[in-house]
Amino acid sequence: MEFSYLDNNAGTGLADGVLDAMLPYLQQQQGNPSSSHRFGRFALTALDQARQQVAELVKVHPSQVIFTSGGTEANNQVLASVSQLYSGGDVIISPIEHPSILEPAARLTEYGFDVTHLAVDKSGRVNEDALSAVLTNKTRLVSVMWANNETGLIQDIKSLSRITRKKQIPFHCDAVQAAGKLEINFNAVGVQSMSLSAHKFGGPKGIGALIVSHDFDCPAFIVGGGQENGLRSGTENVPAIVGFGAAAQSAVQNLERYQRHCRRLRDLLEVRLQSLPEVTIFAKQADRLANTVFFSVQGFDSETLLMALDRQGIAVSSGSACGT
């Protein structure tokens, strides 16, 4: 049987060259990057190079890149910082966020914070007027994802963050699904923090980053030895970080070709799907990721359809892999 893997928003295979870049740090170079001897210096040099590569992916200075275990940890660090910095107030998020935003936000209510869910239109887009209407002098943080992991919808982050900057309210953006699929300029869009995850664009699982602006106060979530400039303690996962850097470099070099390729395949698939009267494609007229199609089939339960496709060798998702 031939197999078709169509669940790349949950996780991708390694991009060309990523495994080769990682292997020396899995096999020979076992130095701790905090060690002063030559093996430690080798590891530290590898971290510095990968940090530069990830920085180039989102167009920031390498000092703005904090390596984490993934997008979930990065999101949790930002949300947890609210309760460390303030004794109360309001946090504003969209209702279509990833669980790693929704759940930490819900936990903040246990500490006396209010959580406001922004209104979205039928395609899932956050309206600028809706955001303006809920901002107050007690708003501590706004968090809106760049691209949705299920629908592929792309938010106008620059326009939304412009509203919060006027009121000096920090804006966090979960860019896990956008990185490697869209051109990202962190400083140009005006957010204060952003989360990334390597396995969404050809890197290994279990490694990600929190990107922060120089003026953003985000206390450490994991404390200990003071790695990552004191913002994320724990010995760095050198092989995974090297793989992250290699994937970021590949994504930068191949972005336009990747977008053209995915768009062509997506459009072809949607033409075929639309020939079936039972199929509805959601957010089709909205600005979407080139690699994502979100549809339903009338009369079929999503999990039943997913397993039927799986038996035919076709791997798809019925929702977020972190929520199903």
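**Entry: helix 6**

I began with the packing of helix 6. Its buried residues pack against helix 5 (128–134), strand 5 (139–143), strand 6 and helix 7. I keep in mind that this is a predicted model. Which residues of helix 6 are buried? In helix 6 (residues 157–166) I listed Ile157, Ser159, Leu160, Ser161, Ile163 and Thr164 as buried. An α-helix has 3.6 residues a turn, so residues three or four places apart point the same way. I then looked just past the end of the helix. There, glutamine 168 takes a positive phi of about 55°.

**Entry: two domains**

Next I looked up the domains. The domain assignment gives domain 1 as 4–13 + 259–315 and domain 2 as 23–249. I noted that domain 1 is written as two stretches of the chain. How far apart are the centres of domain 1 and domain 2? Taken over C-alpha atoms, the centres are separated by 28 Å.

I turned to the interface. On the side of domain 1, 15 residues are in contact with 19 residues of domain 2. The two domains bury about 1300 Å² between them. Of that area, 52% is on carbon and sulfur atoms. I sorted the residues of domain 1 that touch domain 2 by class: 5 are nonpolar, 8 are polar and 2 are charged.

How many salt bridges are counted between domain 1 and domain 2? The count is 0. Polar contacts do turn up there: the rule finds 11 residue pairs across the interface, both residues at pLDDT 80 or more.

**Entry: threonine 292**

Is threonine 292 buried or exposed? Its relative accessibility is 4%, so threonine 292 counts as buried. I listed what threonine 292 touches, leaving out residues up to four places away in sequence: Asn9, Glu150, Thr151, Gly152 and Arg266. With one of these, asparagine 9, threonine 292 makes a side-chain to side-chain polar contact of 3.1 Å.

**Entry: salt bridges**

I searched the whole structure for salt bridges and found 6. Side chains of opposite charge can pair when their charged atoms come close.

I opened the pair of lysine 59 and glutamate 183. Their side chains meet in a salt bridge at 3.4 Å, N to O. Where do the partners sit? Lysine 59 is in the loop between helix 2 (38–58) and strand 2 (65–68), and glutamate 183 is in the loop between strand 6 (171–174) and helix 7 (186–189). They are 124 residues apart, so I logged the pair as a link between distant parts of the chain. Lysine 59 has 35% relative accessibility, so this residue counts as partly exposed. Glutamate 183 has 57% and counts as exposed.

I moved on to glutamate 270. With lysine 284, its side chain meets in a salt bridge of 3.9 Å, N to O. Glutamate 270 lies in helix 8 (residues 238–274) and lysine 284 in the loop between strand 9 and strand 10, so the pair ties together parts 14 residues apart in sequence. Glutamate 270 also forms a salt bridge with arginine 288, the closest N and O atoms being 2.8 Å apart. Arginine 288 lies in the loop between strand 9 and strand 10 as well, so this pair ties together parts 18 residues apart in sequence. I noted that salt bridges with shared partners join Glu270, Lys284 and Arg288 into one network.

Which of the three are buried? Glutamate 270 and arginine 288 are both buried; for glutamate 270 the relative accessibility is 3%. Lysine 284 is partly exposed, at 30%.

**Entry: loop residues**

I went back to lysine 59 for its backbone. Its phi is near 60°, a positive value in a residue other than glycine. Alanine 283 also has a positive phi near 60°. I found alanine 283 in the loop between strand 9 and strand 10. Its relative accessible area is 16%, so alanine 283 is buried.

At 18% relative accessibility, proline 62 counts as buried. Leaving aside neighbours within four places in sequence, proline 62 is in contact with Arg51, Gln52 and Ala55. I also checked proline 104, 42 residues away along the chain from proline 62. Their C-alpha atoms are separated by 27 Å.

How values were computed: Residues are numbered from 1 along each chain as its sequence is written. This is a predicted model: local features need pLDDT of at least 70, side-chain atom pairs count only at pLDDT 80 or more; totals for chains, interfaces and linings use all residues. Side-chain values use heavy atoms; hydrogens and water are left out. Domain bounds come from an automatic or database domain assignment. Contact means heavy atoms within 4.5 Å. Buried area is the accessible area (1.4 Å probe) that two parts lose on being put together, summed over both. A salt bridge is a side-chain nitrogen of Lys or Arg within 4 Å of a carboxyl oxygen of Asp or Glu. A polar contact is a pair of N or O atoms within 3.5 Å; within protein, one must be able to donate a hydrogen and the other to accept it, and residues adjacent in sequence count only if both atoms are side-chain atoms. Ala, Val, Leu, Ile, Met, Phe, Trp, Tyr, Cys and Pro count as nonpolar, Asp, Glu, Lys and Arg as charged, and the others, Gly among them, as polar. Buried means under 20% relative accessible area, exposed over 50%, partly exposed in between (1.4 Å probe, protein chains only). Helices (H or I, at least four residues) and strands (E, at least two) are DSSP runs, numbered from the N terminus.
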